[in-house]
Amino acid sequence: IVGFQEDGTIVYPSAALDAATLARLHNKEVAGVFDKFGDIAVRTDGTAALPSAGNYSYADRVAQVFHQMAKWQNLAIVKGDITNHFVGLTRDGRVYAVAGWFDASFGQLNVSSWRNVVDIAAGESHTVGLLADGTVVATGSNSYGQCDVSEWRDIVAIDIGKHRSHTQYDRRPNITYIRTSQPLGGLLTLDSALSARNRILG
């Protein structure tokens, strides 16, 4: 895990990062570190600061992935991981996507038409986007109902698990936040938001 501070410094567990990663991430040109493993940073110029593909298993495949990501421009954040897929949110609300090591045939990369996106999240085989109007879009595998977000409204934050999408919303009065460790079929724990009418989203 990597923490990125407002002044551009990073914090991390002792011995968690090698010297090359530290040098790449602890750089005044880095605007944020967002991906699942804390390996990929976004520079202030909107490009991705990528590690060496040689640091990974399947280095040839990783090199192909990073080659695609190196073309991404105007980035605000990057989410995901090399195992499944990466998504990149641009500063003007568009989304890039690229497959990782494994099969990306579930439609989780079908984000090129998304616009006005303000946040993104990448699961194992699905992608979720929060739009500026507080609605949510999703694409990819829906085998656990993780893409059933079309009824969500007034959303201000999204997060994602292996097979779940979840959120918080607070634009209306009488919203109470609860933080739970709620197992869903043994798949994961998550934070849920509960409205005054006891409606859980996620």
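Buried means under 20% relative accessible area, exposed means over 50%, and partly exposed lies in between, with a 1.4 Å probe and protein chains only. By that scale, R94 counts as partly exposed because its relative accessibility is 27%. This is a predicted model, in which local features need pLDDT of at least 70, side-chain atom pairs count only at pLDDT 80 or more, and totals for chains, interfaces and linings use all residues. Residues are numbered from 1 along each chain as its sequence is written, and side-chain values use heavy atoms, with hydrogens and water left out.

**Overall make-up**

- The protein chain has two helices and 16 strands. Both element types are DSSP runs numbered from the N terminus: helices are H or I with at least four residues, strands are E with at least two.
- The chain has 202 residues, and 46% of them count as buried.
- Among contacts between residues at least 6 apart in sequence, 35% join residues at least 24 apart. A contact here means heavy atoms within 4.5 Å.
- The chain exposes about 10,300 Å², and carbon and sulfur atoms supply 48% of that area. Accessible areas come from the Shrake-Rupley method with a 1.4 Å probe; for residues, only the protein chains shown count as cover.

**The β9-β10-β11 sheet**

- Strands of a sheet pair through backbone hydrogen bonds, either parallel or antiparallel.
- Three strands form an open sheet in the order β9-β10-β11, with antiparallel pairing. Two strands count as paired if DSSP finds at least two bridges between them.
- β9 and β11 are the edge strands, each pairing on one side only.
- The twist averages 20 degrees from one strand to the next. Axes are lines fitted to C-alpha atoms, for helices over the stretch in contact, and angles run from 0 to 180 degrees between N-to-C directions.
- β9 pairs with β10 (residues 126-131) in the antiparallel sense over five bridges. V117 has L131 in β10 as its bridge partner.

- β7 (residues 85-90) and β8 (residues 95-99) are antiparallel and share five bridges.
- L89 stands opposite V95 in β8.
- Four residues lie between the two strands, and G93 takes a positive phi near 85 degrees in this hairpin.

**Salt bridges**

- Side chains of opposite charge can pair when their charged atoms come close.
- The rule asks for a side-chain nitrogen of Lys or Arg within 4 Å of a carboxyl oxygen of Asp or Glu. The count comes to two salt bridges.
- D119 pairs with K79, with the closest N and O atoms 3.5 Å apart. D119 counts as buried because its relative accessibility is 18%.
- D92 pairs with R94, and here the closest N and O atoms are 3.3 Å apart. D92 counts as partly exposed, at 45% relative accessibility.

**Two loop residues**

- Q146 is found in the loop between β11 (136-140) and β12 (155-160). Q146 is buried, with a relative accessible area of 2%.
- A polar atom of the Q146 side chain lies 3.0 Å from the backbone oxygen of S141.
- Y58 sits in the loop between β5 (48-49) and α2 (59-69). Y58 is exposed, with a relative accessible area of 54%.
- Y58 and W101 are 43 residues apart in sequence, and their C-alpha atoms are 7.6 Å apart in space.

Key
Polar contact = N/O pair within 3.5 Å; in protein donor to acceptor, adjacent residues only side chain to side chain.
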